[in-house]
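Me: I would like to learn how to read the features of a protein model, one at a time. Could you take me through this one slowly?

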Amino acid sequence: MQVVQLDLDGPDGPVLAFGPPPGDAGGPAVGGDVFALVRLRGRPVDTVVCRVPPGRSAVDAVAAAARARLTGRQPPAPSPSGGDLPRTSVVVATRDGADRLARTLDSLLAQGHPDFEVVVVDNASATRATRDLVRHKYSGLDTVRVRYVREPVPGLATAHNRGVAVADGMVLAFTDDDVVADPHWLTALTRPFADDPRLGCTTGLILPARLRTPAQILLESHGGFAKGFAPRVYDPRRPPADQPLFPFTAGSFGSGANMAFRATALRRAGGFDPATGTGTPARGGDDLYAFVAVLMAGHRLRYAPEALVWHHHRETWQDLADQTYGYGVGLTASLTALLVRRPGLLPALLRRLPAGLAHARAITARRESGTGTVPGPHGTRDHPWPRHLSRLERRGMLAGPFGYAHARLRLRATGAPAAPDEDAGRG
């Protein structure tokens, strides 16, 4: 399935642009199944899936499908201009990922943000490839400062904490080495901090860079990593009625491949728990822990779909199975981390648990009853989710607390890294 993006001048307006996502070296779309991001005057508003008949122009077929889906929809309001964009540090952690990293760094250097640096954290890599790549290709640039630091203790949260410790930005943005950032990404992700002094975190839209295998298609059919196209603000003073476990349903807020924090808020919350994250027995949950920690400190979290990155989904069924199990482990590991480090949250979690479990069962039932063979419009779950993957995720959830405990014991043996200091990175 080809992935493209289409920009229209309005819901029924002419085509402004059509082509592949940034960083895609493939040629123009031809006949066959197409998954398209639809923009209105540059702003992401929806996705459509259509089949381009033989002999028909791909742009005409996709534009017709997009206009039909957007019928009656009003063009989005212009984004607020806000104040000056804050100085930002973009942290990219990688482990033996030099072959992917160059693609990510090239997209970061193309950002329109006027004042940012990039901090590459080389996390326990077995070779010098990442160091050599950064020093030979990206050091000494006139426009954007790219810094290389090494973190020998494996674990994504530990690597992120290392980046937080050396970063000098007022806002700390995070992405992964398997994404390509849209040119407007960093501006859209950081501008809300200039508009809202209570904002502690933003997250953004994540869409697939490729849909070439059944595993990638299945994942995206169930929403992938994206959280829709409507901006949303999560405020601990006004809990959302549609999330009975709030703020413990951190997976609905966004993902670690596309997030940013006000530096003072993240440091005061203690940074990321080093016993969570990919590369530890907890297998994930470092981002979820940080979201809840910042919210519980009284800050707001904003989901900004204009802040878009393109993610290279894992390609094989085994990759997807490992990922699904890891999500289950990471979810309950992050909850365990919150209760271990903030035991005062236990009564609030217990009060919300019955309604939250009922909500989770309903979501699982909808996923497993899907039909079809390709993704429909975003998140429609047209492709049925195999029951064995649901069972695997639940097994991971049972294993999460034990994974977190194992990770803490391992860190004690190696010397647990300190949490980022509130004054780190200044000067």
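Me: Which residue of strand 7 does V118 stand opposite?

Reply: V118 stands opposite V146 in strand 7. Before we go on, please note that this is a predicted model, in which local features need pLDDT of at least 70 and side-chain atom pairs count only at pLDDT 80 or more, while totals for chains, interfaces and linings use all residues. Residues are numbered from 1 along each chain as its sequence is written, and side-chain values use heavy atoms, with hydrogens and water left out.

Me: How many bridges join strand 6 to strand 7, and do the strands run parallel or antiparallel?

Reply: Strands are DSSP runs of E with at least two residues, helices are runs of H or I with at least four residues, and both are numbered from the N terminus; two strands pair if DSSP finds at least two bridges between them. Here strand 6 (residues 116–123) and strand 7 run parallel and are joined by seven bridges. Between them the chain passes through helix 3, in a β-α-β crossover that is right-handed, meaning that, with the strands pointing away from the viewer, the path from the first strand over the helix to the second runs clockwise.

Me: Is strand 7 mostly covered or mostly open?

Reply: A residue is buried under 20% relative accessible area, exposed over 50%, and partly exposed in between, with a 1.4 Å probe and protein chains only. Strand 7 (residues 145–151) is mostly covered, with five of its seven residues buried.

Me: Why does T130 count as buried?

Reply: T130 counts as buried because its relative accessibility is 1%. This residue lies in helix 3 (residues 129–138), and, leaving aside neighbours within four places in sequence, T130 is in contact (heavy atoms within 4.5 Å) with T94, G97, A98, L101, V120, D122, S125 and Y148.

Me: Where is D176, and what is it in contact with?

Reply: D176 belongs to strand 8 (residues 171–176) and is buried, with a relative accessible area of 19%. Once its neighbours within four places in sequence are set aside, D176 is in contact with V92, T104, G256 and A257. The C-alpha atoms of D176 and V91 are separated by 8.5 Å, although the two residues are 85 residues apart along the chain.

Me: What is the order of the strands in the open sheet of four strands?

Reply: The order is 2-1-3-4, with mixed pairing. Strand 2 (15–19) and strand 4 (43–52) stand at the edges with a single partner strand each, so one side of each is left without a neighbour in the sheet. Strand 3 (residues 32–40) pairs with strand 4 in the antiparallel sense over nine bridges, and G32 stands opposite V52 in strand 4.

Me: At what angle do the axes of helix 6 and helix 9 cross?

Reply: Axes are lines fitted to C-alpha atoms, for helices over the stretch in contact, and angles run from 0 to 180 degrees between N-to-C directions. The axes of helix 6 (residues 214–221) and helix 9 (residues 317–341) cross at roughly 35 degrees and come within 8 Å. P214, A215, L218 and L219 of helix 6 make the contact with W317, L320 and Q323 of helix 9.

Me: How many residues of helix 8 are buried?

Reply: Ten of the eleven residues of helix 8 (residues 286–296) are buried, including Y289, F291 and L295. Just after helix 8, G298 takes a positive phi of about 100 degrees.
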